[in-house]
Amino acid sequence: EESLKRSSALSRGATLVQVHEVWCKNLKLYADRLAAKLSMFKGQDRDKEDRITCIIINTADYWSGITAQLADEIKDKIEELSRSEVNLDAAADSFSELINK
């Protein structure tokens, strides 16, 4: 949230679109890392596996919702001409896919 405030104070156009692209890329990377962690604990102690699975699913659920809110906030702050370029659906989908594994 703080980085959105700072970015939008500097630019409400191309720069904010580029910042949004960096966020999208990194959110997808985070979802991939969570997925890797999930598969890392398969076949271990059942209690540990269940606990880690719950933590990862809850984290993915949280970020799926936050990603949608972030997209809305960016659209509110960005120039109208650039709004169509704001799309965090790929990042949100990465978290949703993780939840559904």
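How do the residues of the lining of the largest pocket divide into nonpolar, polar and charged? They split into six nonpolar, two polar and two charged. Bear in mind that this is a predicted model, where local features need pLDDT of at least 70, side-chain atom pairs count only at pLDDT 80 or more, and totals for chains, interfaces and linings use all residues. Residues are numbered from 1 along each chain as its sequence is written, and side-chain values use heavy atoms, with hydrogens and water left out.

**The largest pocket**

- The largest pocket has a volume of about 220 Å³.
- A pocket here is an open set of points on a 1 Å grid over the protein atoms alone, where a 1.4 Å probe fits, with protein on both sides within 12 Å along at least five of seven lines; lining residues have an atom within 4 Å of a point.
- Among the lining residues are Glu 1, Trp 23, Trp 63 and Glu 73.
- α1 (2–10), α2 (14–40) and α3 (46–77) each give two or more residues to that lining, and α3 gives the most, with five.
- Helices are DSSP runs (H or I, at least four residues) numbered from the N terminus.

**Aromatic pairs**

- You'll find three aromatic pairs in the structure (ring centres within 6.5 Å, with Trp counted by its six-membered ring).
- Tyr 30 and Trp 63 make an edge-to-face pair, 6.2 Å centre to centre with 80° between the planes (edge-to-face means over 60 degrees).
- Tyr 30 sits in helix α2 and Trp 63 in helix α3, so this pair ties together parts 33 residues apart in sequence.
- Ring pairs link Tyr 30, Tyr 62, Trp 63 and Phe 95 into a cluster.

Technical notes: Grid points are joined across faces, edges and corners, and a volume is the space filled by probe spheres set on the points. Ala, Val, Leu, Ile, Met, Phe, Trp, Tyr, Cys and Pro count as nonpolar, Asp, Glu, Lys and Arg as charged, and the others, Gly among them, as polar. Rings of Phe, Tyr and Trp (its six-membered ring) pair if their centres lie within 6.5 Å; planes under 30 degrees apart count as stacked, over 60 as edge-to-face and the rest as tilted.
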